[in-house]
Amino acid sequence: MVEPVKRRYDTSRRQEQARENRRRILTAASGLFREKGYAGTSMPEVAKAAGVAVQTVYKAFANKATLLKAVFDVTVAGDDEDVPIAGRDFIAAIQAEPDAARKIGMYFDHLAAIAPVVVPVQLLAREAAAADPAAAEVWAQMRGEMLTAMTYFSADLLATGQVKPDLAADDVRDVLWAYHGPEQYELLCLERGWPPERYGKFLRDAVVAAILA
């Protein structure tokens with residue numbers, strides 16, 4: 001008697017469905033967070049807007065704070081591809097540039113371009129952190145990741161030999177971190193009405209003056 005051939009279980013369709021659900025959840029959450037704020041958005045509302053069961057939302061994201069962090073990560077990257085920011089083409093281009101002032105200009109041009117969509121999510125997380133311990137952990141994580149990124153950027157700039165000789169790596173990192181923070185955009189663009197291009201030029205000029213010889 002010939003035994004039936006066992007077919008290998010194909011998970012590709014299920015994986016693609018999970019990926020599509022994740023995209024829909026992130027899109028729905030992003031819209032609701034911006035419209036209603038963090039506290040005013042519930043996971044069932046996200047599920048309804050995404051067209052999925054609330055259990056699907058919790059399976060993909062443990063809690064609302066985790067979902068907010070994922071919205072932030074996708075907003076920064078511009079997509080949900082599994083490629084870290086450090087591996088993105090614009091970072092490679094900055095690293096390949098030999099001139100420190102040009103590196104700084106390229107970085108803050110990019111930051112200014114994404115700030116109108118990224119900073120509102122950062123400010124949501126900052127506000128949520130005051131009332132939600134889970135959101136406070138996410139906000140601390142976001143700040144920590146920013147500091148780590150600026151640590152790498154500091155090393156890249158120091159390697160050019162064009163940084164002021166009296167500045168240590170930590171000094172350069174802290175200057176970059178301070179100007180990179182959402183507070184600058186909040187003050188200049190949201191409160192004073194500067195266009196993003198002017199904001200980006202201000203950051204570039206300020207950082208160049210502060211750290212380059």
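Helices are taken here as DSSP runs of at least four residues, numbered from the N terminus. In the predicted model, the chain contains ten helices and zero strands, so that under this definition the order of elements from the N terminus on reads α-α-α-α-α-α-α-α-α-α. Taken along the principal axes, the C-alpha atoms of the chain fill a box of roughly 80 × 50 × 30 Å.

Two of these helices contribute to the second largest pocket, with helix 1 (12–36) and helix 3 (54–60) each supplying at least two residues of its lining. The volume of this pocket is about 170 Å³. Its lining is formed by R14, Q17, A18, N21, T56, K59 and A60. Helix 1 provides the largest share of the lining, four residues.

A "DNA-binding region" is annotated by UniProt, in an unreviewed entry, over residues 42–61. In the model, this span of residues 42–61 is 75% helix and 0% strand, and the C-alpha atoms at its ends lie 13 Å apart.

Within helix 6, a kink of about 70 degrees is located at A115, shortly before the proline P116. At the N-terminal end, helix 6 is capped by D99. In this cap, a side-chain oxygen of D99 lies 3.3 Å from the backbone nitrogen of A101.

Notes:
Residues are numbered from 1 along each chain as its sequence is written. Side-chain values use heavy atoms; hydrogens and water are left out. UniProt positions are given in the numbering used here, feature names are shortened, and annotations may be inferred rather than shown by experiment. The bend at a residue is the angle between axes fitted to the seven residues ending there and the seven starting there. A polar contact is a pair of N or O atoms within 3.5 Å; within protein, one must be able to donate a hydrogen and the other to accept it, and residues adjacent in sequence count only if both atoms are side-chain atoms. On a 1 Å grid over the protein atoms alone, a cavity is a set of points where a 1.4 Å probe fits but cannot get out, and a pocket is an open set with protein on both sides within 12 Å along at least five of seven lines; lining residues have an atom within 4 Å of a point. Grid points are joined across faces, edges and corners, and a volume is the space filled by probe spheres set on the points.
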